[in-house]
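Subject: Structure handover

Hello,

Please find the structure below. My notes on it follow, for you to check against the coordinates.

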Amino acid sequence: MQLLQELGEEAKLIAGGQSLIPLMKMRLARPAALIDINHIPGLSGIERHDGEIRLGALARHADIEASSVAAAIPIVHDCAAGIADIQVRNQGTIGGSIAEADPSGDWGAVLLTLETLVRSFGPQGERTVTLEEFIQDAYTTVLGHDELVREVIVRIPPKHSGGAFVAFKRSAPVYATANAAVQLTLGDKDTCKDVRIVLGCVGLMAIRAREAEAELRGRPLTGKALQAAGEAARAAAEPQGDLRGSADYKRVLIGALVKRAIGIAARRARGEQVEAGHEYAAR
Ligand SMILES: Cc1cc2nc3c(=O)[nH]c(=O)nc-3n(C[C@H](O)[C@H](O)[C@H](O)COP(=O)(O)OP(=O)(O)OC[C@H]3O[C@@H](n4cnc5c(N)ncnc54)[C@H](O)[C@@H]3O)c2cc1C
């Protein structure tokens with residue numbers, strides 16, 4: 001904290017360096033000083049307390065992927081395991097991902113399907129805000145230049161819940177062409193009691209597909225309901241054409257990914273062990 005205050009707004013914290021260093025190599029970031037936070041003790045734990053999982057800001061994606069504690073929320077495991085390649089997962093941290101607020105980043109989309117809090121500290125002390133409040137825009141958060149993310153706190157979903165995160169990628173070490181995160185809870189007679197659906201890489205920020213959710217909430221998860229949710233997700237997407245694909249292609253893709261993620265989330269909510277992985281163009 002003292003160094004951040006002394007060095008001022010031109011200084012930057014560095015955690016895994018997996019976003020900051022590429023930006024510096026491209027001369028898109030030119031910090032006057034780097035403050036390495038890797039030596040601060042107590043920031044890399046992955047712990048379960050009172051129905052919550054607390055992920056220290058310095059928990060690496062690979063630590064979360066391997067954690068039996070984090071496995072209590074399968075969509076969290078899906079997210080950690082699907083990020084880039086093992087080199088990036090060994091270095092990159094959840095705190096750095098959230099602080100970067102890259103609109104193509106996986107953690108933002110996945111954690112928005114859950115009840116997630118971000119705890120940070122700075123010269124005014126500690127504060128805790130919801131992830132929805134924390135991420136204000138693409139690459140913009142509520143953090144002041146002298147604040148540090150301390151931990152990400154995720155509430156463990158109730159019984160009969162399941163989630164899934166699926167993406168379509170050209171190859172492992174690139175961001176997805178599109179991705180879909182779904183977290184749902186089943187009620188009586190296999191109806192969908194509650195659901196959150198978030199679309200990634202098809203807009204300027206992750207998009208909560210509320211109309212797609214409304215197609216499922218309170219209804220049985222029939223093929224017709226999944227089809228309607230997929231169509232509503234397509235309508236909610238705001239993709240831009242780029243080297244990953246045209247806008248029309250991404251719109252079709254997101255509908256298919258949402259249907260797939262709902263299917264896996266529902267099977268997990270029924271207690272099935274289902275592996276979920278990303279699809280790669282070259283496979
Ligand atoms: C080749 C490659 C492929 C990638 N593919 C993916 C992918 O498929 N999906 C995906 O989600 N991500 C991907 N990433 C990004 C990766 O997940 C990064 O690890 C992550 O975005 C940033 O974490 P970091 O710890 O490396 O942060 P850093 O690069 O160290 O920092 C990023 C920013 O956050 C700030 N910061 C860091 N820690 C804190 C903190 N505790 N409190 C406040 N501010 C902080 C820094 O000052 C900086 O501004 C990829 C990266 C690379 C290099």
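Ile197 has these contacts, once neighbours within four places in sequence are set aside: Ala181, Val182, Ile207, Arg208, Ala209, Ala212, Glu213, Leu216, Val258 and Ile262. Keep in mind that this is a predicted model.

Ile197 also belongs to the largest nonpolar core, which has 36 residues; together with Leu184, Leu199, Leu216, Leu221 and Ile262, Ile197 touches the most other members. Two or more residues of this core come from each of strands E10 (161–169), E11 (178–186) and E12 (192–200), and from each of helices H9 (210–216), H10 (223–236) and H11 (247–269). H11 supplies the largest share, 10 residues. Another core, of 35 residues, lies apart from this one and includes Ile94, Leu111, Leu112 and Val118.

Next, Glu151, which sits in strand E9 (residues 148–155). Is Glu151 buried or exposed? Its relative accessible area is 15%, and because the cut-off for buried is under 20%, Glu151 counts as buried. Leaving out residues up to four places away in sequence, Glu151 touches Arg54, Leu55, Gly56, Ala57, Leu117, Val118 and Arg119.

Last, the strands E1 and E2. Strand E1 (residues 11–14) runs parallel to E2, and four bridges join the two. One of the residues involved is Ile14, whose bridge partner in E2 is Asp36. Between the two strands the chain passes through helix H2 (residues 20–25), and this β-α-β crossover is right-handed. In E2 (residues 33–36), Ala33 and Ile35 form the covered face, while Leu34 and Asp36 form the uncovered one. In a regular strand, side chains alternate between the two faces of the sheet.

Regards

Technical notes: Residues numbered from 1 in each chain as written. Predicted model: local features only at pLDDT ≥ 70, side-chain atom pairs only at ≥ 80, totals over all residues. Heavy atoms only, no water. Core = buried A, V, L, I, M, F, W, Y, C linked by side-chain atoms within 4.5 Å. Buried < 20%, exposed > 50% of the residue type's maximum accessible area, 1.4 Å probe, protein only. Contact = heavy atoms within 4.5 Å. Pairing = 2+ DSSP bridges. Right-handed = clockwise from strand over helix to strand, strands pointing away.
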